[in-house]
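I set out to record what I looked up, beginning with a single residue and ending with the whole chain.

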Amino acid sequence: MTRELRSARHGAVLTFVLAGLMVGTMTVRIPALTDKLGLSEAMVGTILLAWGLGALVTMQSMRRVMARVGSRAVLRAGGPLTALSLFGVGLAPDLPLLLTAVVLFGMAFGVMDVAMNAQGSAVEQAYRRPLMNGMHAGWCVGAISAGALGALAIAAGLPFTVHVTLIGLLSLPVMVLLGRTYLPEPPAVETPAQGRRRLPPVVYLLGAIMFFAFMVEGTVADWNGLYLRDELGAPEAVAALGYPVFEVGMLIARLTGDRLRVRFGVRGMLTVSGVATAGFFAVVLLAPAAVVAVAAMFFVGLGVATISPLTLSLAGTATGTPGPAIAQAGAMGYAGLLLGPVVIGFLSDAAGLRTALGIGVLLGLLIALSSRLLPGREPATVTHLPEPEPEPQPVRAAA
């Protein structure tokens with residue numbers, strides 16, 4: 001394996017780590033943000049929605065851009081812009097400027113997210129073996145690091161502005177340096193008629209599966225703590241453990257997911273993941289005590305973790321270049337991340353939180369059923385481990 005290819009893989013993983021760190025930093029300091037600007041819970045919800053909509057808008061608009069210039073050029077711009085916009089979120093002195101900064105942060109992240117997944121797909125295809133789960137494990141590492149650094153910042157009395165701007169400032173030069181490691185993609189020759197053509201149906205099926213998986217992730221992130229506290233009577237400290245335990249389960253699954261894919265294939269893994277998600281979410285809802293529900297959250301994380309990396313990886317092989325298909329599937333997935341918590345909120349008002357969370361079981365079953373519609377065979381570029389290579393040969397530099 002060439003040095004250039006190893007560098008591209010490490011650069012892609014570190015890009016995922018930084019993305020998880022930047023988004024996680026804003027999330028973990030939301031309580032400090034409410035104190036800084038005196039925000040109500042409803043306004044916090046509005047801010048999060050503005051961030052998500054900003055990301056969704058740019059994701060949906062990236063198909064043509066990615067087809068024309070490729071992930072390397074887009075990521076070289078989107079990564080630093082995400083860091084700069086996080087810096088703006090930290091410095092925003094009032095609500096109108098905060099909303100503006102959050103929308104810009106969401107839009108920049110939408111560009112970065114699509115491009116880093118497309119770059120991950122390009123690296124995966126160059127390696128000729130599954131790597132996407134390991135890259136998404138980098139996101140988990142970044143998110144967990146954001147939580148740990150946030151806890152330290154809170155303990156040290158570091159204000160929201162100082163903490164968030166510091167993360168943005170530190171991330172900016174690293175993102176610029178990582179831009180040197182990204183792989184170029186083959187240029188896409190596209191006529192105007194092709195540009196208007198719909199993507200292959202499998203891309204929309206993968207987007208639907210990702211939509212279901214992200215609804216589960218959003219539901220757990222936003223509602224599990226309230227469920228543990230209000231429905232199971234857990235103390236605040238115990239209720240706060242649900243999401244970190246879920247994230248640890250996701251991290252472990254993603255660290256092992258690529259090897260499992262080689263053995264069982266995408267369709268088999270997605271089917272099992274959907275059934276596991278449904279089953280363990282049912283355990284959470286039927287748990288007689290909070291400690292049982294928290295333990296089950298770990299297994300829900302194991303179940304749902306590999307779904308989005310697998311669907312994005314497969315989408316990346318559906319067309320000549322990975323960018324447009326990943327942009328479409330990613331936009332559908334993030335729509336689920338936005339919609340899930342909202343749906344739970346409305347259902348909870350009508351039928352109670354425990355009943356509303358039953359949608360997690362239904363979503364797991366939909367993932368399993370939808371996965372059976374996928375092709376039985378995967379593209380050859382990502383279904384086997386490479387054979388041992390002979391002595392290294394001189395490699396022609398990429399154009």
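I looked up Q119 and found a relative accessibility of 0%, so Q119 counts as buried; buried means under 20% relative accessible area, exposed over 50%, and partly exposed in between, with a 1.4 Å probe and protein chains only. The model is a predicted one, in which local features need pLDDT of at least 70 and side-chain atom pairs count only at pLDDT 80 or more, while totals for chains, interfaces and linings use all residues. Residues are numbered from 1 along each chain as its sequence is written, and side-chain values use heavy atoms, with hydrogens and water left out.

I placed Q119 in helix α5 (helices are DSSP runs of H or I with at least four residues, strands are runs of E with at least two, numbered from the N terminus). Setting aside residues up to four places away in sequence, I noted that Q119 touches S71, R72, L75, Y182, L183 and E185, where contact means heavy atoms within 4.5 Å. The side chains of Q119 and S71 are joined by a polar contact of 2.9 Å (a pair of N or O atoms within 3.5 Å; within protein, one must be able to donate a hydrogen and the other to accept it, and residues adjacent in sequence count only if both atoms are side-chain atoms).

I then turned to R128, in the loop between α5 (95-127) and α6 (132-155). R128 is not a glycine, yet has a positive phi of about 60°. Its relative accessible area is 37%, so R128 is partly exposed.

Finally, I noted 16 helices and 0 strands in the protein. Of its 399 residues, 52% are buried.
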